[in-house]
Amino acid sequence: MATGVFFHEEFVGKEWPVIGDRYERFPTILAELARSLPGIRLIEPEPVPEELLARVHTPDYLARVKRAWYYEGARLTVGAFVRACEMVWSGELDNAVVFLVAAGHHAHRDYAWGGTYLSLIGPALVRLRELGLKRLVYIDTDAHHADGAREVLMGDRDVLHICFCHQDVVEDDGTKICIDVGWSSTDDAYMAKVREVLPTIRAFRPQMILHFLGHDTHRDDYGSLGLTEGFFIRLVEELKALAGEVCSGKYVVAHGGGANKQVAELIWPKIIRLLAGEP
Ligand SMILES: [Zn+2]
Ligand SMILES: [Zn+2]
């Protein structure tokens with residue numbers, strides 16, 4: 001068994017919308033990590049099949065996004081997330097980290113913005129349901145409201161979507177929640193908000209936990225809430241423990257927003273070690 005780390009060389013050397021070239025040094029960093037930790041599997045993703053995208057996005061929108069230069073990067077990203085979810089669900093991997101460009105939580109069915117131009121959760125959920133999964137929790141700790149993911153998930157009451165942003169909202173029969181973390185916070189105050197919602201997650205009895213982790217909330221990143229590096233490690237530690245308790249450890253973490261390379265280079269190796277069970 002292993003921790004899957006999904007990364008593609010195509011993600012390097014381009015100025016991706018919003019996040020820039022944040023993976024510049026990741027090929028070296030990940031190769032070193034994989035050499036020193038036997039429990040890590042570095043996996044190069046395939047592009048997501050266009051038929052699967054068509055189950056989530058409208059034909060008009062797909063025709064438009066296909067013309068964008070970042071489309072192939074976005075397709076590889078969605079392919080990575082879908083594959084990671086399949087492999088963790090089937091038990092081929094214990095858990096996984098997915099690095100991403102140009103896809104994510106601001107992608108609606110028929111439009112997108114904010115550097116994310118294909119839905120991650122939509123295609124993944126279609127595949128997971130085909131493989132028999134029913135109840136899922138999707139946690140979003142990016143600095144910004146997950147408007148696209150929310151739209152795609154709305155009406156599906158077997159998905160508990162918890163978005164930490166700048167409003168308190170409960171909708172869709174209590175299965176779609178936003179939690180106001182304010183415009184400025186601390187590691188402890190934000191963690192307290194996360195811990196408050198853990199009983200709701202336990203009561204929902206998910207079969208898997210997916211997590212969109214942005215470090216744009218870091219004090220030196222573009223969506224700063226004043227958080228420090230240590231926060232992200234604690235957060236993953238907490239959610240990994242929760243997944244261990246409620247869904248046999250099935251936990252997939254995707255790299256959300258954040259353009260600060262120093263922060264990314266510091267936190268992700270630690271998160272991967274943590275997921276792989278290293279002290
Ligand atoms: Zn963000
Ligand atoms: Zn929200």
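Helices (H or I, at least four residues) and strands (E, at least two) are DSSP runs, numbered from the N terminus. Axes are lines fitted to C-alpha atoms, for helices over the stretch in contact, and angles run from 0 to 180 degrees between N-to-C directions. The model is predicted, so local features need pLDDT of at least 70 and side-chain atom pairs count only at pLDDT 80 or more, while totals for chains, interfaces and linings use all residues. Residues are numbered from 1 along each chain as its sequence is written, and chains are lettered from A and ligands numbered from 1 in the order in which they are written.

**Stop 1: a pair of helices**

Select residues 187-204, which form helix 7, and residues 229-246, which form helix 8. They pack at an angle of about 15 degrees, and their axes are 11 Å apart. Helix 7 brings a set including Tyr190, Val194 and Leu198, and helix 8 a set including Phe231, Leu235 and Leu242.

**Stop 2: the core**

Next, go to Phe81, Ala84, Cys85, Val98, Ile209 and Val252, the residues with the most contacts inside the largest nonpolar core, which has 91 residues. Such a core is a set of buried Ala, Val, Leu, Ile, Met, Phe, Trp, Tyr and Cys residues joined through C-beta atoms within 7 Å. Helix 4 (residues 71-90) gives the most to this core, with eleven residues. Which residues is Cys85 in contact with, leaving aside its neighbours within four places in sequence? They are Ala124, Arg127, Leu128, Leu210 and Val252.

**Stop 3: a loop residue, Ile19**

Select Ile19, in the loop between strand 1 (3-6) and helix 1 (26-36). Ile19 is buried, with 26 other C-beta atoms within 10 Å (20 or more count as buried, 12 or fewer as exposed, and in between as partly exposed, with C-beta atoms placed from the backbone). Beyond its neighbours within four places in sequence, Ile19 is in contact with Val101, Gly115, Gly257, Gly258 and Ala259.

**Stop 4: two positive phi values**

Most residues other than glycine have a negative phi. Asp172, however, has a phi near 55 degrees; look for it in the loop between strand 6 (169-171) and strand 7 (176-180). Arg205 also has a phi near 55 degrees, and sits in the loop between helix 7 and strand 8 (208-213). Arg205 is exposed, with 12 other C-beta atoms within 10 Å.

Note on methods
Contact = placed C-beta atoms within 7 Å.
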